[in-house]
Amino acid sequence: MFREERGLLLAALVRRFGDLDLAEEATSEAIEAALVHWPAEGVPPKPGAWLMTTARRKAVDRLRRDQAYAARLAVLQVEADRAAPAPPSDGGLPDERLQLFFTCAHPALPAEDRTALTLRCLAGLTTPEVARAFLVPSATMGKRIVRAKNRIRAAGIPFRVPSADELPGRLPGVLQVVYSIFTEGYAASSGPDLQRLDVAEEAIRLARILRRLLPAEREVAGLLALMLLIHARRDARTGPDGDLVLLDDQNRDRWDAEMIAEGTALVEAALTGGPPGLYGVQAAIAALHNEAEDVASTDWPQIVGLYDVLRGLAPSPVVELNRAVAVAMKDGPAAGLALLDELAEEPRLREYSPFPAARADLLVRLGRHPEAADAYREALALAGTEPERAHLRRRLTECAKP
């Protein structure tokens, strides 16, 4: 409940006081107060309202203690009010968190900094979780988040809802944030569980709001399609004990057919009317996986072709890794392994467990078990969740069998 309410609290306080640090401190203090009072007094009938009232009081108390701080915030508020456009006829964005998502996607901030800041402060991800999304060390990400906050303060960037003509320019940053939230829910960076379903479903909810707000934006349709098509497999991705079940072994009858149908329809919307976009292409790949009866009958040539398109739109080591796995399914494990070996010196893959795990799987298929065991050990050392580690330990044990 704290995780869900935190984003609402923070967004409301930033909108009210115009200062991210103040909002973060008041939000944390309100949650701390709840942890003190609720065990003794019981959870209130409306816990969200209790937290909101407490957080506002904490913020006001802090302002009263620091008159200079209050005066500076007053100036910022006046500037924000002068710059704010008239509210849209539909009442603006339907969720305060999305309002703040767009605000933190301000073009004055470097793309990676604004996404990192939004993930940490608004989506409630920890600094290590954000670092995993960017494939960088936690210390590096911590500095990046602090730098983004300082830049907002120094530049006097107002916290306000962008005008209608500004929204398209801010949209890619917001989509990246929403998808990063979903990624953490789909494949948790740490902990006892493989998935954080509540986090994934929150990202889907936010994407649905964006879709209603911007129905003509094909990439919004593409992102929602991608998340629905992936999330449709959620029940089949783990066994009764929470163990990881790979795509090859999943019971496809457990996939959510209604969600797949909705996602597939959105893929058509995303790929119609112009050049393909980043999320539309990824959604098309997910749709091909979902429509196949099994892994063997999957249209791997078309998937490789879509990865070729994707690497032109947004080249990255992870795209190359996924393409190499698809090539292995199309042309054989030796072809895929050769492509993976070309990525061996890529710094962003050195701390990414799926990379050595993919190499290990291909080495097993080639009968090179000692090398596969070494790769599984490397992946095991990098894996973040217990289901991933348990799966890799099983694979490692299988490699050691005569």
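Mentor: Let's start with helix α14 (residues 300-313) and helix α15 (residues 317-331), which pack at an angle of about 160°, their axes 9 Å apart. Keep in mind that this is a predicted model.

Trainee: Why are α14 and α15 called roughly antiparallel to each other?

Mentor: Set the angle against the cut-off: about 160° for this pair, while roughly antiparallel takes angles over 145 degrees. The pair passes that cut-off, so α14 and α15 are roughly antiparallel. As for handedness, α14 crosses α15 in a left-handed way.

Trainee: Which residues of α14 and α15 make the contact?

Mentor: On the α14 side you have Trp300, Pro301, Ile303, Val304, Tyr307, Asp308, Leu310 and Arg311. From α15 come Val319, Glu320, Asn322, Arg323, Ala326, Val327, Met329 and Lys330. Sorted by class, the contact of α14 with α15 holds ten nonpolar, one polar and five charged residues.

Trainee: What makes α18 roughly antiparallel to α19?

Mentor: Run the check again. Helix α18 (residues 369-382) and helix α19 (residues 386-400) have axes that come within 9 Å and cross at roughly 160°. Angles over 145 degrees count as roughly antiparallel, and that makes α18 roughly antiparallel to α19. Their crossing is left-handed.

Trainee: What makes helix α6 (residues 111-121) mostly covered?

Mentor: Eight of its eleven residues are buried. They are Asp113, Arg114, Thr115, Ala116, Leu117, Thr118, Leu119 and Cys121. Over the chain, 48% of the 402 residues count as buried.

Trainee: Which residues of the largest nonpolar core touch the most other members?

Mentor: Those are Leu117, Val178, Tyr179, Ile181, Phe182, Leu210 and Met227, in a core of 92 residues. Helix α11 (residues 218-231) supplies the largest share, ten residues. There's also a second, separate core of 23 residues, including Ala357, Ala358, Ala372 and Ala383. As background, nonpolar side chains tend to be buried together in soluble globular proteins.

Trainee: Back to single residues. Where is glutamate 166, and is glutamate 166 buried, exposed or partly exposed?

Mentor: Glutamate 166 sits in the loop between α8 (138-155) and α9 (167-186). Buried needs under 20% and exposed needs over 50%. At 25% relative accessibility, glutamate 166 is in between, so it counts as partly exposed. Glutamate 166 and histidine 106 are 60 residues apart in sequence, with their C-alpha atoms 9.7 Å apart.

Trainee: Why is proline 354 called partly exposed?

Mentor: Its relative accessible area is 33%, which falls between the 20% and 50% limits. Proline 354 therefore counts as partly exposed. Proline 354 belongs to helix α17 (residues 354-365). From proline 354 to glutamate 388 is 34 residues in sequence and 9.8 Å in space, C-alpha to C-alpha.

Trainee: And what is the relative accessibility of asparagine 150?

Mentor: It's 40%, so asparagine 150 counts as partly exposed. Asparagine 150 lies in helix α8. Asparagine 150 and aspartate 21 are 129 residues apart in sequence, yet 9.9 Å apart C-alpha to C-alpha.

Trainee: How many helices and strands are there in the chain?

Mentor: There are 19 helices and zero strands. And among contacts between residues at least 6 apart in sequence, 64% join residues at least 24 apart.

Conventions: Residues are numbered from 1 along each chain as its sequence is written. This is a predicted model: local features need pLDDT of at least 70, side-chain atom pairs count only at pLDDT 80 or more; totals for chains, interfaces and linings use all residues. Side-chain values use heavy atoms; hydrogens and water are left out. Axes are lines fitted to C-alpha atoms, for helices over the stretch in contact, and angles run from 0 to 180 degrees between N-to-C directions. Helices (H or I, at least four residues) and strands (E, at least two) are DSSP runs, numbered from the N terminus. Angles under 35 degrees count as roughly parallel, over 145 as roughly antiparallel, 65 to 115 as roughly perpendicular and the rest as oblique. A crossing is left-handed if the near helix is turned anticlockwise from the far one by less than a right angle, and right-handed if clockwise. Contact means heavy atoms within 4.5 Å. Ala, Val, Leu, Ile, Met, Phe, Trp, Tyr, Cys and Pro count as nonpolar, Asp, Glu, Lys and Arg as charged, and the others, Gly among them, as polar. A nonpolar core is a set of buried Ala, Val, Leu, Ile, Met, Phe, Trp, Tyr and Cys residues joined through side-chain atoms within 4.5 Å. Buried means under 20% relative accessible area, exposed over 50%, partly exposed in between (1.4 Å probe, protein chains only).
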